[in-house]
Amino acid sequence: MRDPYEVLGVQRDASAAAIKSAYRKLAKKHHPDNNKNDPKSASRFSEVNSANEIIGDEVKRKQFDRGEIDAEGKPRFQGFPGGGRGGRGASPGGGFEQHNFRTGPGGPGGFGGGGGGFEDILNSMFGGAAGGARGPRGGQAFDFDTGGLAADLDLTVSMTVSLEDSVKGVEKRVRLPSGKELNVKVPAGVTSGQQIRLKGQGESAPGHRPGDLLITVSIASHPFFKVDGNDLRVELPITLYEAVLGGKVRVPTLTGAIELSVPKNTSSGRIFRLKGKGIPKQGGAAGDLFVTTKIVLPDGHDAELEALMEKWRDHRPYHPRSDLG
């Protein structure tokens, strides 16, 4: 993956607010729902999300700037103990995989066979104190154990689900870069940017455990619901006579339409709160649905309505903008 600063188009000394702003703009620009005819939009959207996960997080950003992790958040190879800062074998608690060395007999086919073998390299690196090892004439040699070497075998792909599917869960088919396809169960309550890890479904290489498959989930924009944390917001068109006379109006929710009682003389912009009709919380009550009314006039010209409004204007004037000066 490219440098996250380059992906988001910000300087290395950019503020957290500038990074957040750049991420939002690029996420909106490259969202797959806004680029349905561009097959590469999903990968660009995933790259933007991955970059934000690194430099949009204060801790990870500092680790990346210090060179401790790479652009994918994986520990960097920092060298061996004594050979530079933060060696991979220096400390089990340092976040790096540990290199193991084991001793074995010298001789033909081994590292102990004459004339300066691998143990000489170790001695030069470890100052002659490589765990009690003896030189080529001492009869004992070092064999490098490659079992602990890290290999980048993880795969990252993106997946877009609908808002309804993110709430109730869904099984979707995902296609890997290799052409292989897998059925993936997306759990109920998944959030945008969350990753699903499938162990052992990444790439493979001799001598290494298979990598994992990391699926970054994005939630498609909904035709009328707007997500606000665990709450939902929706704009409800109502007629002029429903606003004046009141009435029952059907309102969509994630679990089906319900009736909302609109009181008489309801203005545009009035907000009604439907408790528990938002997005379910994991281990808690669901959020709420906030319904904002919007008065919509009939299409075209209506002579009777215009005559009524003229009469109203002349005999029943009122001033809704008086507070604006």
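1. Leu 182, Val 184 and Val 186 make up its covered face. Glu 181, Asn 183 and Lys 185 make up its uncovered one. In a regular strand, side chains alternate between the two faces of the sheet. Strands here are DSSP runs of E with at least two residues, and helices are runs of H or I with at least four, numbered from the N terminus. The model is a predicted one: local features need pLDDT of at least 70, side-chain atom pairs count only at pLDDT 80 or more, and totals for chains, interfaces and linings use all residues. Residues are numbered from 1 along each chain as its sequence is written, and side-chain values use heavy atoms, with hydrogens and water left out.

2. What joins β5 to strand β4 (residues 170–175)? The two run antiparallel, joined by 6 bridges. Strands count as paired if DSSP finds at least two bridges between them. Val 170 stands opposite Val 186 in β5. β4 and β5 form a hairpin, with 5 residues between them. Gly 179 lies in the turn and has a positive phi of about 100 degrees.

3. Now the open sheet. Its 4 strands follow the order β8-β9-β13-β12, with mixed pairing. The edge strands, β8 (226–228) and β12 (271–274), each pair on one side only. Neighbouring strands of this sheet are turned by 30 degrees against each other on average, direction ignored. For such angles, axes are lines fitted to C-alpha atoms, for helices over the stretch in contact, and angles run from 0 to 180 degrees between N-to-C directions.

4. β8 and β9 (residues 231–238) pair in the antiparallel sense over 3 bridges. Lys 226 stands opposite Arg 233 in β9. Arg 233 also forms a salt bridge with Asp 228, the closest N and O atoms being 3.2 Å apart. A salt bridge is a side-chain nitrogen of Lys or Arg within 4 Å of a carboxyl oxygen of Asp or Glu. Arg 233 is partly exposed at 35% relative accessibility, and Asp 228 is partly exposed at 38%. Buried means under 20% relative accessible area, exposed over 50%, and partly exposed in between (1.4 Å probe, protein chains only).

5. How many salt bridges does this rule give? The count comes to 16. One of them joins Arg 12 and Asp 3 at 3.1 Å, N to O. Arg 12 is partly exposed at 45%, and so is Asp 3 at 26%. Lys 74 and Glu 72 meet in a salt bridge at 2.7 Å, N to O. Arg 2, Glu 6 and Glu 47 are linked in a network of salt bridges.

6. Helix α3 (residues 41–55) has 15 residues. Its first and last C-alpha atoms are 21 Å apart, close to the 21 Å expected at 1.5 Å a residue. The expected span is 1.5 Å times one less than the number of residues. Is α3 enclosed or open? It is largely enclosed by the rest of the structure, because 11 of its 15 residues are buried. Among them are Phe 45, Glu 47, Val 48 and Ile 54.

7. Last, the surface. Leu 308, Met 309, Trp 312 and Tyr 318 form a nonpolar patch with about 450 Å² of accessible area together. Trp 312 is found in helix α8 (residues 303–315) and is partly exposed at 41%. Patches are made of residues with over 30% relative accessible area and no salt bridge; like charges are joined within 9 Å, nonpolar side chains (Val, Leu, Ile, Met, Phe, Trp, Tyr) within 5 Å. Areas come from the Shrake-Rupley method with a 1.4 Å probe; for residues, only the protein chains shown count as cover.
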